[in-house]
Amino acid sequence: MKKHLYAFLFVSVALLGGCSKSEPEPEPAEQVIGTYNVDKITIAFKYNDSPVEESQSYVLPFKGTGGELSAILDVSKTSSNVVTISYIETAKYTDGTTDKNTDVYSSIELKKNESNSAIFDMFNAGAKSGTIGGGTIALDDIVNAKDSTGRAYTYTFRVTGKKAQ
């Protein structure tokens, strides 16, 4: 009887020891926080009553005769599924001076992307404003306004980047 009891205990311990607890998935914000090097900026302008959209893209860092322009996106956690994104643009001029500009996008909500589980859709005040995850980010800042004559237009500032190592 003792033999069977020891065998039963051995098998029970082996089975329990073989089971491992699955680690909980990190919060969405924890998966994407960090610094992203901006590699491309696209600026687009379109009047609502026109079929034509004007756009221009720049690959960063951008070097010209006057100096160099670079940018980063710094993503920090606000809550489990909300982040703050700081866009920091640095211009280094050939005369040795430096100029920095910062724009902050707060309360960016993260929701799982339906087609790719490693990517999160970003929402700013309920409107989709880009994607983040898998080491990449694409942030859209879209402004709808009217010019001095009352003509409605859409201005889009799109930034893409890769997570810094």
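Colleague: Is Tyr58 buried, partly exposed or exposed?
Modeller: This is a predicted model, and in it the relative accessibility of Tyr58 is 33%. Buried needs under 20% and exposed needs over 50%. Tyr58 therefore counts as partly exposed.

Colleague: What is the geometry of the ring pair formed by Tyr58 and Phe62?
Modeller: The ring centres of Tyr58 and Phe62 are 6.0 Å apart, and the planes stand at 85 degrees. Planes over 60 degrees apart count as edge-to-face. The pair of Tyr58 and Phe62 is therefore edge-to-face.

Colleague: What is the relative accessible area of Phe62?
Modeller: Phe62 is classed as partly exposed. That class lies between 20% and 50%. The value for Phe62 is 41%.

Colleague: Which residues do ring pairs link into a cluster with Phe45?
Modeller: The search of the whole structure gives five aromatic pairs. One of them joins Phe45 and Tyr47 edge-to-face, with centres 5.1 Å apart and planes at 90 degrees. Ring pairs link Phe45 into a cluster with Tyr47 and Tyr153.

Colleague: Which residue lies over the face of Tyr47?
Modeller: Tyr47 is partly exposed, at 21% relative accessibility. A charge lies over the face of Tyr47 at 3.7 Å from the ring centre, where the limit is 6 Å. The residue is Arg151.

Colleague: Is Ser129 buried or exposed?
Modeller: Ser129 sits in strand β8, residues 127-133. Beyond four places in sequence, Ser129 touches several residues, among them Ile108, Phe123 and Leu139. Its relative accessibility is 5%, and the cut-off is under 20%, so Ser129 counts as buried.

Note on methods. Residues numbered from 1 in each chain as written. Predicted model: local features only at pLDDT ≥ 70, side-chain atom pairs only at ≥ 80, totals over all residues. Heavy atoms only, no water. Helix = DSSP H or I, 4+ residues; strand = E, 2+ residues; numbered from the N terminus. Buried < 20%, exposed > 50% of the residue type's maximum accessible area, 1.4 Å probe, protein only. Contact = heavy atoms within 4.5 Å. Phe/Tyr/Trp six-rings, centres within 6.5 Å; stacked < 30°, edge-to-face > 60°. Lys NZ or Arg CZ within 6 Å of the ring centre and 35° of its normal.
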